[in-house]
Amino acid sequence: MTDTNQFDVVVIGAGHNGLVSAAYLAESGLKVLVLESSGTIGGAARTCEFSEGYRVSECAHLVYALHPTIVRDLKLTNYGLRYAATDLGTISLGSDGLHVLIKGDSVSGDISYEDADSYRKFRSKMIKFCQVFATTLEHQPPRLMNGSLGDKLSLLKLGWQVRKLGKTDMQELLRIGSINIYDVLEERFDNQLLKGALCLDAVLGSHTGPRSPNTVLAYLYRHVGETFGFNGPSIPLGGMGTVVEAIAASAKSSGAELRTSSKVEKILTEGSKVVGVRLETGEEIKTHTVVSNADPRATFSSLVGYPQLDTEFSRRVHNIRMKGNTAKLHLALDSRPRFTGVGESETGNRLVIAPDSDYVERAFNHAKYKEYSDKPIVEISIPSIHDSTLAPAGKHVLSAVVQYAPHNLQQGWSQASDTFKNLLIDLIEDYAPGIRQQIVASELLTPADIESRFGTTNGHWHHGELALDQFLMLRPFPGMSQYATPVHGLYHCSAGSHPGGNVLGMVGRNCARAVIKRGDR
Amino acid sequence: MSDQIPPRLMQTPFHSRIATACELNQWEDWKGYTTPSAFTNVELEYFAMRNSASIFDLTPMTKYRITGPDAHAYLDRLVTRNLGKLKPGRVTYTAWCNDAGQVIDDGTIFRISRDSFILCSQERHLDWLEWSALGFNVSIEDETDRIAALSFQGPSTCTILKNMGLYGIENLKPFDLTHYPFEQSELMVSRTGFTGDLGYELWVDPDQAEKLWDRLMDAGEQFDTKPAGSEALQIARIEAGFLQAGADFVPAEQEVRAGRSRSPYELGLGWLVHLKKSHFNGKQALQLEKRKGSRYRFVKLDVAGNKPAEHSFIYNRHHKVVGTVTSAAWVPTAKRNVAFASLEMPWGKPGDELTVEIYYLRELKWSRVMEKCTVIEGAVFDPERRHATPPTCQ
């Protein structure tokens, strides 16, 4: 090791959370190095050219909740963050050309007045509940055992947020918070297309179906951005990659150093203290603080190694529920696709194939038995409608998040990948006849591909299920919820920690604050 | 499926011999096995242990075989003691802890060869061992019912084994282990035991168990070798100052009420904790405890009078309860009334004036005495023959 390589903090992984962390740490005056294993920064939030001239957000493709605190603190607008479209609606597609458009608190299309009215009430209640969670985003979750005064105060604050809802709403939140979305929607709506789309919101990225417990919580989580300015998903100009490029630019201008193609093989420790990192090349970089943007399983099982940790801790890491179930489909199209019954001006919205709640639950059934869905649920975005930089003039790219495609597929993905891709294209063709003929190029990322491309264990989008048992002070697992780890000087900042997944950025920020507060370099 | 219901308790491979010898028919359940608490007379069995030789069936002790290229590293991370110097052919005594530095169990590790070990202890915890194996290339097998084991303890044991044909046994040092051919199989002998005296533990294939018993009894006949039950052993181990899981501490993985388990420091086992070695289970918690101080102190007490102070309250001079007795016995060779106790800090420093409150029942009447007691340092029974090689007695 050479002293010339010394950094105050080494951040492993240039995903959005890693970069946010680096930006805050560099801003506080620390000497920060970010090491990214692949050739490009961004992790699951980058833009890739999957066919010549066609670019698409490689993994996450819609921004639901990039936190305004981060946009403001890191001056992301100054560093190039632009949206091609904001506050998009969601169209729930029916196979017979019927559809509903959900936009803000209104639903239009093939829906009864009663259901549309129920939705307005439902949404206003859900947003109210989201407020409770929104207040937790900016803080590290409280410890339940041996907590400090601060922990007790933030626990009280959370309790107060719930109590503040008023008796009726508090009871309602406590009633539905842990139950399943299917039952809750049954209580309120008749319209199948509406229910299907809301179910999709509650299960996307998870190993759950609409009848799985605490999917209402997951629904609330997806809509938390609507408490701070989002009124539907947004599409960044230039794809998701520009979001991380803006974060990276902010970090660099504060003095952080970025190195790509630098895969960290091991976090080096001495007597349970971080002393540096070793790259795959054998190069060792000396530091006393490491912030890991890798998922918690990869961080502890590979980068640190279970033998350096205690048994119970290792067992908890091993038992994090993180079964990847989500695939990504990219289509390069020679012209704008037409969806039956959907007007041209509406195709730029978020389009979902989840025509009823039973359809979604049936799609999940397969995943329980290590099979992919024969009728999957799909979330489609055609970003080139809003952003002409993504495809050659007149051409388009279609980006689709697809479920369920279990990581641990019985037959293995190398065998099944092509069949599944064809099945998906056939399915989309049911709603957009003729789309197969428009395809210039296509790409399917199975969870196995997502695992190898982005280094996320099991290809899980959120680095661990977002469910009550892995939420708040239980995220990533009980006993480790405040970003610090049993290895002195090692912190964790991936979506596996509170407040979790989606391109939110708060894990990176909260973690950086924990590092700065400890100040133990 | 067979219609026969399996017996509630298993029998050890020595059962035919033990059942014949167990004149009192006093049986107990030890980890799922039928074992005798006494054969003929507890005192005679105890004195055989101290003055000639005794045989104790050890089979129900937990025996895990740990093998594989990482076996040594795995055990070193599992236990508190530094195993760096544990060579093949050697045995060591150690404790192991959970993440919070609380003792799960104590026991012995036998290094059979470079990559093969046996972990022998009182409690069953395969689950803990399996979870501890994450990240290690090891295999762990429960061999409890695949090894028949006898503890052969007392001053005459070396001579008897020699007479039985175990040539060179006198050169076996304490905590050594060796192998002898035995009938068509192999006999493993270790110079270990739970009595604090000269003695050996004999490990053999269950098929050979009865033959081993018979040959020991034959060779030991002229030395008045006696089979001993758990009650005699209980007196001997208290005399020798040995802790027993479940009696003197609550194994951490069985703790139901928070705060009832103990750290090695709180059990007087601090000498087994090597904080300077590389990472091991509970290290951080133990480092912190070392810095901040322990909650409890484990002491051996010399109690006045002759009434065993079992489970008694212990008071300080201000009549405040400061602890509880965990094990107690009148120990005949040292002729002392010994008790082990867990005391709240800072009580139990040598020289502290403490009182035990002993309740005893005589002819349907409970009586109580308050007896003075003092903290003992070192063991009340520790004969030279236990340490000498060759042993200085016959």
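User: What makes the strands of chain B a closed barrel?

Analyst: The order is β14-β17-β16-β15-β18-β19 in chain B, a closed barrel of 6 strands with antiparallel pairing. Two strands pair if DSSP finds at least two bridges between them, and strands themselves are DSSP runs of E with at least two residues, while helices are runs of H or I with at least four, both numbered from the N terminus. From one strand to the next, the twist averages 40 degrees; axes are lines fitted to C-alpha atoms, for helices over the stretch in contact, and angles run from 0 to 180 degrees between N-to-C directions. This is a predicted model, where local features need pLDDT of at least 70 and side-chain atom pairs count only at pLDDT 80 or more, whereas totals for chains, interfaces and linings use all residues. Residues are numbered from 1 along each chain as its sequence is written, and chains are lettered from A and ligands numbered from 1 in the order in which they are written.

User: How do you know that β14 and β19 of chain B pair?

Analyst: There are 4 bridges between β14 (residues 296-303) and β19 (residues 365-376) of chain B, in the antiparallel sense, and the rule asks for at least two. For instance, B:D302 has B:T374 in β19(B) as its bridge partner.

User: Which strands does β17(B) pair with?

Analyst: β17(B) is joined antiparallel to β14(B) over 7 bridges and to β16(B) by 8 bridges. In β17(B), B:A339 stands opposite B:L301, and B:F340 is the bridge partner of B:S327. β16(B) and β17(B) form a hairpin with 4 residues between them, and B:K335 in the turn has a positive phi of about 55 degrees.

User: Why is β17(B) called mostly covered?

Analyst: Of its 9 residues, 8 are buried. A residue is buried if 20 or more other C-beta atoms lie within 10 Å of its own, exposed if 12 or fewer, and partly exposed in between, with C-beta atoms placed from the backbone. Helix α7 (residues 230-240) of chain B also packs on the sheet, touching β16 (321-331) and β17 (336-344), and its direction makes about 120 degrees with that of β16(B). Touching here rests on contact: C-beta atoms, placed from the backbone, within 7 Å.

User: Now chain A. Why does A:P355 count as buried?

Analyst: A:P355 has 23 C-beta neighbours inside 10 Å, so it counts as buried. This proline is in the loop between β15 (350-353) and α12 (357-368) of chain A. Leaving aside neighbours within four places in sequence, its contacts include A:L93, A:Q192 and A:G196.

User: What makes α10 of chain A largely enclosed?

Analyst: In helix α10 (residues 296-305), 7 of the 10 residues are buried, so the rest of the structure largely encloses it. Among the buried ones are A:F300 and A:L303. The buried residues pack against β1 (7-12), β11 (264-270), β13 (284-292), α11 (311-318) and β19 (490-492) of chain A.

User: How does the radius of gyration of chain A agree with a compact globule?

Analyst: For 521 residues, a compact globule would have a radius of gyration near 24 Å, and chain A has 22 Å, which agrees. The radius is taken over C-alpha atoms, and the globule rule is 2.2 Å times the number of residues to the power 0.38. Buried residues make up 57% of chain A.

How values were computed
Two residues are in contact if their C-beta atoms, placed from the backbone, lie within 7 Å.
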